[in-house]
Amino acid sequence: YYNGQGIVKCTDQECSSGLFKLISGIARQPRSTSVAIGAGQRPIITYDDSDFGLMFVRCEDVNCETAAVPVNIDAPVGVESAILFGKGSAIAIGTDGYPVISYVNDNVVRVAKCLDVDCANSSLSTIDQQTYGLNPTDIAIGSDGMPIVTYRDDGLAAVRVGKCHDSACATATVTSLTTGLEGSDNRVTVDVSNDGLPVVVFSTW
């Protein structure tokens with residue numbers, strides 16, 4: 001949807017029907033969306049605005065009948081970044097109940113830690129400089145409460161894992177999980193299993 005973000009709240013487990021809502025006027029051309037359930041069971045959404053960069057919007061109710069005014073988290077750096085900014089941003093909820101977002105800006109992998117439920121205030125941290133290509137990120141909260149960020153680095157032909165040392169990811173240990181991989185423009189996904197250890201999934205050819 002041009003100049004809007006579509007959201008459906010399913011009315012059954014199979015999502016055979018649902019309540020559709022178009023959140024209009026939130027971007028010139030919203031792209032690369034991600035969603036999580038925030039405080040009060042209300043959806044929170046991140047997306048890329050081709051003019052303004054990474055955006056955040058919080059639904060005012062569980063069905064997202066209304067939504068708060070979108071918040072600009074980070075602006076693009078340079079013309080190329082403005083075109084491809086935020087490609088594959090991802091969002092999770094920290095142990096403090098506040099959102100934490102991973103994304104890419106001008107080949108730099110960043111984490112935005114919201115300091116409130118509306119993300120009106122946030123801290124931005126850089127965890128890695130991709131050597132080539134704006135590839136999507138994913139994020140999960142580790143068993144220690146610290147974020148884990150995954151993404152593909154085409155220049156290194158590697159899947160990269162950034163393990164944050166604190167909830168805002170001010171510092172992180174970045175590891176090349178695999179090397180010599182072909183393929184690009186694919187999201188590397190991450191989740192945490194019941195044993196507390198990350199599981200990373202990616203595609204290659």
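Which residues of S8 are buried on one side, and which on the other?

## A strand covered on both faces

In this predicted model, Pro 99, Ile 101, Tyr 103 and Asn 105 are buried on one side of S8, while Val 100, Ser 102 and Val 104 are buried on the other. In a regular strand, side chains alternate between the two faces of the sheet. Strand S8 covers residues 99-105, and seven of its seven residues are buried, so the strand is largely enclosed by the rest of the structure.

## The neighbours of S8

Let's look at the partners of S8. Strand S7 (residues 90-93) pairs with S8 in the antiparallel sense over four bridges. Five residues lie between S7 and S8 in their hairpin, and Gly 97 in that turn has a positive phi of about 90°.

Strand S9 (residues 108-114) also runs antiparallel to S8, joined to it by six bridges. Here the hairpin has two residues between the strands, with Asp 106 in the turn at a positive phi of about 55°. Ser 102 is a handy landmark: Ala 90 stands opposite it, and Val 111 is its bridge partner in S9.

In soluble globular proteins, nonpolar side chains tend to be buried together. The largest nonpolar core here has 13 residues, of which Val 100, Val 109, Val 111, Ile 127, Ile 139 and Val 149 touch the most other members. At least two residues of this core come from each of S7, S8, S9, S11 (137-141) and S12 (147-153).

Beyond its neighbours within four places in sequence, Ile 127 is in contact with Val 109, Val 111, Val 149, Cys 169, Ala 172 and Val 174. Another core, of 12 residues, lies apart from the largest one and includes Ala 36, Phe 56, Ile 73 and Cys 119.

## Salt bridges

Side chains of opposite charge can pair when their charged atoms come close. The structure holds six salt bridges, and a network of them links Arg 58, Glu 60 and Asp 118. Arg 58 meets Glu 60 at 3.5 Å, N to O, and its closest N and O atoms with Asp 118 are 2.3 Å apart. Arg 58 lies in strand S5 (residues 53-58) and Asp 118 in the loop between S9 and S10, so this pair ties together parts 60 residues apart in sequence. Arg 58 is buried, at 11% relative accessible area, whereas Glu 60 is partly exposed at 35% and Asp 118 is partly exposed at 31%.

Asp 144 and Lys 163 form a further salt bridge (2.9 Å, N to O). Asp 144 sits in the loop between S11 and S12 and Lys 163 in strand S13, 19 residues apart.

Notes
Residues numbered from 1 in each chain as written. Predicted model: local features only at pLDDT ≥ 70, side-chain atom pairs only at ≥ 80, totals over all residues. Heavy atoms only, no water. Buried < 20%, exposed > 50% of the residue type's maximum accessible area, 1.4 Å probe, protein only. Pairing = 2+ DSSP bridges. Core = buried A, V, L, I, M, F, W, Y, C linked by side-chain atoms within 4.5 Å. Contact = heavy atoms within 4.5 Å. Salt bridge = Lys/Arg side-chain N within 4 Å of Asp/Glu carboxyl O.
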